[in-house]
Amino acid sequence: MAERLLEVTDLSVRFDTDDGPVHAVDKLSFTLDRGEVLGIVGESGCGKSVTCMSLVRLLPETAVISGSAVFDGVDLLSLPLRRLRSIRGRDISFVFQEPMTSLNPVFRIGRQISEVLTRHLDLSRADARKRTIELLDLVRIPSPERRIDEYPHQLSGGMRQRVMIAMALACNPRMLIADEPTTALDVTIQAGVLDLMRDVRERLGTSIVLITHNLGVVADIADRGVVMYAGRKAEEAPVRELYAEPQHPYTIGLLGAIPRPYDGEGERPRLREIPGRVPSLRELPTMCAFADRCPRADELSRSQVPELRQIRPGHLVACFHPGPE
């Protein structure tokens with residue numbers, strides 16, 4: 001039986017603004033086992049990144065966080081900030097979406113990776129440089145002895161993303177949070193980054209939380225998928241089952257929006273869109289958040305908030321009328 005590494009329970013995140021509160025995440029729960037890859041998927045603004053940033057309290061002071069996030073027996077949300085800082089970068093690492101905004105353009109990449117090693121592992125400068133070269137080699141950057149002294153602008157987008165992964169892996173973290181790690185990359189480079197992350201999981205046993213809007217990425221690497229909509233969990237299932245038998249109309253809509261290849265016969269397949277817009281997050285919902293965009297919505301959907309229920313082992317859905325299309 002798999003060993004639990006992270007258990008998030010009733011996580012809520014509210015931002016207090018001059019125009020009133022914004023409820024970015026509402027009572028979200030999920031788990032992550034050791035060595036598992038969990039994909040969190042949804043369109044922009046659904047709360048994916050806020051969820052993961054809140055786990056290590058990297059959100060601005062206007063954020064009000066409640067719930068619990070128990071990592072290896074310790075609740076991250078109630079830890080003193082000083083102790084939490086020792087966990088960030090060492091036990092829990094991040095790979096952010098755009099490396100050019102995460103890497104410092106005036107420092108060589110070797111210095112930026114070495115800083116993680118000297119801070120958390122107390123290595124000497126010589127040992128940190130040696131370890132940095134090993135990490136660059138691990139993430140398949142050619143000629144690491146030369147690349148270590150280059151600046152971020154001298155590297156391609158794919159190489160910069162690999163540097164970010166090397167930095168995240170510097171202390172052999174138990175959990176890696178990858179926030180849209182392939183968004184700005186072309187298809188070929190994207191495949192290489194995903195292959196690298198898969199290799200990291202297999203070689204180092206690192207658990208990965210993958211945040212993405214791309215269902216193809218989830219299918220390629222994740223073991224389980226969590227579909228978020230308007231700050232709440234809409235559906236959760238093992239990835240194969242999520243694709244083969246989606247139950248929530250929103251999940252079905254996302255899958256229907258994936259481009260299909262044209263075989264040269266008949267009409268070209270058209271992209272299917274989900275009509276309408278994401279609801280405002282300024283007020284907590286009093287009905288199904290997806291009701292105004294859902295072809296199955298009825299009076300019940302417009303008067304109550306659906307609770308998550310298990311339709312089969314490991315497959316949960318928050319819908320009054322679940323089922324295949």
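Predicted model: local features only at pLDDT ≥ 70, side-chain atom pairs only at ≥ 80, totals over all residues.
Four strands make up an open sheet in the order β2-β1-β4-β5, and the pairing is antiparallel. At the edges stand β2 (20-33) and β5 (74-75), each with a single partner strand, so one side of each has no neighbour in the sheet. Strand β4 (residues 63-71) is joined to β5 by 2 bridges, with the two strands running antiparallel. Here Phe71 sits opposite Val74 in β5. The sheet also has a helix lying across some of its strands: α1 (residues 48-55) lies across β1 (4-17), β2 and β4, and runs at about 110 degrees to β1.

The axes of α7 (residues 157-169) and α8 (residues 187-204) come within 10 Å and cross at roughly 15 degrees. Angles under 35 degrees count as roughly parallel, and α7 and α8 are therefore roughly parallel to each other. The crossing of α7 past α8 is right-handed. On the α7 side, the contact is made by Gly158, Gln161, Arg162, Ile165 and Leu169, while α8 brings in Ile189, Gly192, Val193, Leu196, Met197, Val200 and Leu204.

Finally, there is His248, found in the loop between α10 (239-244) and α11 (249-256). Its relative accessible area is 4%, and because buried means under 20%, His248 counts as buried. Leaving aside residues up to four places away in sequence, His248 touches Ala234, Glu235, Phe290, Val317, Ala318 and Cys319. With Ala318 there is a polar pairing too: a polar atom of the His248 side chain lies 3.1 Å from the backbone oxygen of Ala318.

Key:
Residues numbered from 1 in each chain as written. Heavy atoms only, no water. Buried < 20%, exposed > 50% of the residue type's maximum accessible area, 1.4 Å probe, protein only. Polar contact = N/O pair within 3.5 Å; in protein donor to acceptor, adjacent residues only side chain to side chain. Contact = heavy atoms within 4.5 Å. Pairing = 2+ DSSP bridges. Axes fitted to C-alpha atoms, helices over the stretch in contact; angles between N-to-C directions. Parallel < 35°, antiparallel > 145°, perpendicular 65-115°, else oblique. Left-handed = near helix turned anticlockwise from the far one by under 90°.
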